[in-house]
Amino acid sequence: MIERSDDINEELMSAVSAFQIEKVKIYLEKGADPNYTVKYDAALSTLNQPDTPLKLVIFRISDCLLDDNDLKE
């Protein structure tokens, strides 16, 4: 049985954030939890940061769809 730890889940979040698709696959195959939730401290929890791998994927994809003109509005 593969033990899951917060470390591998944090690595999964880092790989998602950096668009490292092959690493994401590897971490998931090694047992990273796709439903993992990041535990932010009280100050950051109010900033509505993506706290799961799926939310981070959605955030990163939407971020890529922005261009400089979108940011001026």
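Mentor: A term first: a polar contact here is a pair of N or O atoms within 3.5 Å, and within protein one of the two must be able to donate a hydrogen and the other to accept it. Bear in mind too that this is a predicted model.

The protein has five helices and zero strands, so the order of elements from the N terminus is simply α-α-α-α-α. Of its 73 residues, 25% are buried. Among contacts with a separation of 6 or more, 47% are between residues 24 or more positions apart.

Rolling a probe the size of a water molecule over the atoms shows where empty space is left. The largest pocket holds about 200 Å³ of space. It is lined by 13 residues, and V16, V24, P53, L54 and V57 are the closest to its centre. Helices α1 (6-17), α2 (21-29) and α4 (53-64) each supply at least two residues of the lining. Helix α4 gives the largest share, six residues. By class, the lining has twelve nonpolar residues, one charged residue and no polar ones.

The largest nonpolar core has eleven residues: I8, L12, M13, A15, V16, V24, Y27, A32, Y36, V38 and L56. Helices α1 and α2 are the elements that give two or more residues to this core, and α1 provides the largest share, five residues.

Leaving aside neighbours within four places in sequence, M13 is in contact with Y36, V38, P50, D51, T52, P53 and L56.

D51, another partner of M13, sits in the loop between α3 (42-45) and α4. Its relative accessibility is 19%, and it counts as buried because the limit for that class is under 20%. The side chain of D51 makes a polar contact of 3.1 Å with the side chain of K55.

Helix α1 also carries N9. N9 has 4% relative accessibility and therefore counts as buried. A polar atom of the N9 side chain lies 2.7 Å from the backbone nitrogen of D33. Not counting residues up to four places away in sequence, N9 touches A32, D33 and Y36.

Most residues other than glycine have a negative phi. F19 is not a glycine, yet its phi is positive, about 60 degrees. With 38% relative accessibility, F19 counts as partly exposed.

I26 and L12 are 14 residues apart in sequence, and their C-alpha atoms are 8.9 Å apart in space.

Methods
Residues numbered from 1 in each chain as written. Predicted model: local features only at pLDDT ≥ 70, side-chain atom pairs only at ≥ 80, totals over all residues. Heavy atoms only, no water. 1 Å grid on protein atoms, 1.4 Å probe; cavity = no way out; pocket = protein on both sides within 12 Å on 5 of 7 lines; lining within 4 Å. Points joined across faces, edges and corners; volume = space filled by probe spheres on them. Helix = DSSP H or I, 4+ residues; strand = E, 2+ residues; numbered from the N terminus. Nonpolar A, V, L, I, M, F, W, Y, C, P; charged D, E, K, R; others polar. Buried < 20%, exposed > 50% of the residue type's maximum accessible area, 1.4 Å probe, protein only. Contact = heavy atoms within 4.5 Å. Core = buried A, V, L, I, M, F, W, Y, C linked by side-chain atoms within 4.5 Å.
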